Amino acid sequence: MGALSRWLVVIVVLLGNIAFWLHWFNRMNSTGLARRTIKVSEKLIIAACFLTPTFVVWLDGTWWYKWLVAHKASSMQSATISVMPWTSMFFAFTSLASLAWHFPSWILARFRLHNPPRDVLRTTYERFDLRDKLGDGVFAKRWVQVLGHAPGNQLHLIDITHHEVSVPRLASSHNGLKLGHFSDVHLTGLMSFEYYREAIDRLMATQPDAILLTGDLIDYDSCLDQVQPLLESVEASLGCYFVLGNHDRRLKNVARLRSMLVELGWHDLGAEPRSVVHVDDEIYFIGIERPWFENPIRNVLEKNTIHQRTQAPLRIGLSHSPDQIQWARKLELDLLFCGHTHGGQVRLPWIGPIVAPSRYGSRYASGWFKCSPTLMHVSRGISGTHPLRVACSPEVSSIVIRKV
């Protein structure tokens, strides 16, 4: 084995180590554990990712030096794979097994990200640089402004994505129905109120028949006073619907946020489903907020939803996380709308997103996915707690449903 081959083996082993710890990092952020527990676990996982190979090199550095660097035959005789120290052997085997396990699903995820299902008939987008209108007033903090000017950071952009999708069972009366979907607003005080206002106004300009908000509206109690002025003008003929997410749980009084939204005319799908009639045919909306909030009568609601299949031609689900896709399939929902992953927030060239807070990793980072019979849309969101967006611009979405 030549020197180049040896170094390639080392690189592959290190990639496997990263894949192993990245799996647990993503998985940890999909749980309903307390925020403090998750943050401590994140730091431990990141530390383990770097310290594990460091420990192996410290312990078996002599062997690795001989195997990689030494050129004398006498030195190489004691540095063959067959006599690799057990610590290095365990590390290499675990890393390679992790890479072999995750690589196929990672490749499939790249394919899905770039090849939407056939149910998606058309997708176009309009991109707006909000600095053209607001200047540096897009940012609420000086350090965020500096970061926002960093090359490649798309923090100040907003995409209005327009989709046309087909739903096989759609009633003729629902043909052409338009839904507005936004997620992960993250009122944090880092971006200006005008930034959020512009994003919502541009969604409302598409004139949706129903508005869907899939969680993480707010991070801090100090931003609660922004909720009413931001959403008070948002209305649609078939109603506005919401579920809450993991960051909303950080509030001292989550019930206050729910009541504020309800007072503004929004329907709390985390509490109960809702049916509306559109041109003589029913549309059924249901939400789930697991694993962060549990509805004590969830099983009853789900049984009613299954029964509702014979009555409602169109059934729409809201979930903060795409991890609830199996829940949607169980209830035979036609459409599921989610957020939470922020599209990965940072997308590497040719690689795409690798960090996504989901039990599925970056498989459902953003876009459309068909898990029959459910067609799922995952939004990249409007903002986030970390003001960094690399090749992953914020978005709001307008979805027109067609009967084909």
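## Starting with L22

Two residues are in contact when heavy atoms of each lie within 4.5 Å. By that rule, and leaving aside neighbours within four places in sequence, L22 is in contact with I354 and V355. L22 is found in helix α1; helices here are DSSP runs of H or I with at least four residues, numbered from the N terminus. Between L22 and I45 there are 8.2 Å in space, C-alpha to C-alpha, although they are 23 residues apart in sequence.

## How to read the model

This is a predicted model, in which local features need pLDDT of at least 70 and side-chain atom pairs count only at pLDDT 80 or more, while totals for chains, interfaces and linings use all residues. Residues are numbered from 1 along each chain as its sequence is written, and side-chain values use heavy atoms, with hydrogens and water left out.

## Helix α1

Several residues of α1 are buried, including R6, V10, F25 and M28. Buried means under 20% relative accessible area, with a 1.4 Å probe and protein chains only.

## Where α1 meets α4

The axes of α1 and helix α4 (residues 86-114) come within 7 Å and cross at roughly 70°. Axes are lines fitted to C-alpha atoms over the stretch in contact, with angles from 0 to 180 degrees between N-to-C directions. The two helices are therefore roughly perpendicular, a label for angles of 65 to 115 degrees.

Key
Buried < 20%, exposed > 50% of the residue type's maximum accessible area, 1.4 Å probe, protein only. Parallel < 35°, antiparallel > 145°, perpendicular 65-115°, else oblique.
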